[in-house]
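Visitor: I have a structure to go through with you. Could we look at it together?

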Amino acid sequence: MSGKFIVFEGVEGSGKTTQIGQTADWLRINTDRGRKIVVTREPGGTKLGQQIRQILLDDLDNCVSYRTELLLYAADRAQHVESLIRPHLDRDDIVLCDRFTDSTIAYQGYGRGCDRDEIDRVNQLATGGLQSDLTFWLDLDVTIGLERVLLRGKPDRMERATIDFHQRVRQGYQELANIYPDRMIRIDADRSPADIQLEIQSTLRQLKWIDTQAPIAET
Ligand code: T5A
């Protein structure tokens with residue numbers, strides 16, 4: 001396996017989707033020619049995952065127990081890793097993923113209070129030990145993120161959780177960033193999308209597997 005796996009994490013509305021799109025466009029121009037850039041997400045990166053995503057997010061009447069929720073995210077991930085992420089990494093592609101295992105630790109662990117050892121075991125089972133090469137944590141005050149999400153329309157099942165829940169999730173990310181400073185990079189997400197993108201590009205330019213001659217794109 002020689003590809004690279006870059007994950008974007010953060011609370012609701014922190015701008016992950018926006019930044020992944022811009023990063024993919026920039027990488028397509030600025031990495032070695034012929035290197036494929038793949039954009040995917042959790043939950044819902046595969047056909048089966050889209051059905052799991054519907055159960056987890058859209059069905060507001062469905063009372064999902066916390067342990068069931070943990071296992072559904074893990075089932076989505078197992079399918080995603082095996083059928084999409086690993087095959088692309090094996091082909092030397094760069095995979096950009098909206099959320100991965102840290103989301104489970106932050107949301108089901110810190111947010112819901114599920115047991116951390118149980119989460120680690122479930123994550124290990126789902127990923128076979130795959131970890132990101134780099135994770136951008138877009139850090140944002142949860143109230144700002146939720147306001148952005150509400151402006152967009154009706155909140156989903158997770159977005160409807162209490163502010164306390166979302167604050168615990170953010171705290172979870174903070175603790176993960178403290179524990180894994182080499183793999184997890186905090187990005188202040190309370191700035192314009194253009195400024196955030198410049199910092200992401202600047203970080204990627206310092207990595208050996210990006211063509212460092214490439215200029216930072218004007219955004
Ligand atoms: N989950 C997921 C778990 O509980 N456990 C798990 O293991 C996993 C994998 C996923 C949900 O599942 C949970 C977490 C989530 O609750 P989702 O719909 O994929 O659901 O939710 P998010 O990943 O949070 O995606 P969102 O689309 O809600 O947020 P993004 O992608 O972070 O933000 P984005 O880019 O869509 O932007 C949101 C809005 O803000 C604007 C955008 O234009 C958009 O309108 N915006 C900005 N506005 C001002 N300044 C900026 N810098 C902005 N950047 C974007």
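Visitor: How many residues surround the ligand, and which are the closest?
Guide: This is a predicted model, in which local features need pLDDT of at least 70, side-chain atom pairs count only at pLDDT 80 or more, and totals for chains, interfaces and linings use all residues. Residues are numbered from 1 along each chain as its sequence is written, and side-chain values use heavy atoms, with hydrogens and water left out. The ligand is surrounded by 29 residues, and the closest are Glu 12, Lys 16, Thr 17, Thr 18 and Thr 104. A residue counts as near if one of its heavy atoms lies within 4 Å of the molecule.

Visitor: Which atom of the ligand lies 2.7 Å from Lys 16?
Guide: An oxygen atom of the ligand lies at that distance from a polar side-chain atom of Lys 16. The side chain of Thr 104 has an N or O atom 2.6 Å from an oxygen atom of the ligand. For Arg 148, a polar side-chain atom is 3.1 Å from a nitrogen atom of the ligand. On its own the ligand has 1000 Å² of accessible area, and the protein covers 84% of it. Such areas come from the Shrake-Rupley method with a 1.4 Å probe; for residues, only the protein chains shown count as cover.

Visitor: Which element gives the most to the shell around the ligand?
Guide: Helix 4 does, with four residues. Helices (H or I, at least four residues) and strands (E, at least two) are DSSP runs, numbered from the N terminus.

Visitor: And how do the residues of that shell divide?
Guide: Eight are nonpolar, nine polar and twelve charged. Here Ala, Val, Leu, Ile, Met, Phe, Trp, Tyr, Cys and Pro count as nonpolar, Asp, Glu, Lys and Arg as charged, and the others, Gly among them, as polar.

Visitor: Where does the ligand sit?
Guide: The ligand sits in the largest pocket, meaning that more than half of its atoms lie within 2 Å of the grid points of that pocket. A pocket is found on a 1 Å grid over the protein atoms alone, as an open set of points where a 1.4 Å probe fits, with protein on both sides within 12 Å along at least five of seven lines; lining residues have an atom within 4 Å of a point.

Visitor: How much space lies in the largest pocket?
Guide: About 900 Å³. Of the 43 residues lining this pocket, Lys 16, Thr 17, Arg 53, Arg 99 and Arg 152 are the closest to its centre. Helix 1 gives the most to the lining, with five residues.

Visitor: What about the second largest pocket, and which residues lie nearest its centre?
Guide: The second largest pocket holds about 280 Å³ of space. Its lining has 18 residues, and Thr 101, Ile 105, Asn 123, Leu 130 and Gln 131 lie nearest the centre. Helix 5 provides the largest share of that lining, five residues.

Visitor: Changing topic, which residues does a cis peptide bond join?
Guide: Glu 42 and Pro 43, with omega about -5°. Pro 43 is in the loop between strand 2 and helix 2.

Visitor: And what is the phi of Asp 92?
Guide: Asp 92 is not a glycine, yet its phi is positive, about 75°. Asp 92 is in the loop between helix 3 and strand 3 (94–98). Most residues other than glycine have a negative phi, and most peptide bonds are trans.

Notes
A polar contact is a pair of N or O atoms within 3.5 Å; within protein, one must be able to donate a hydrogen and the other to accept it, and residues adjacent in sequence count only if both atoms are side-chain atoms. Grid points are joined across faces, edges and corners, and a volume is the space filled by probe spheres set on the points.
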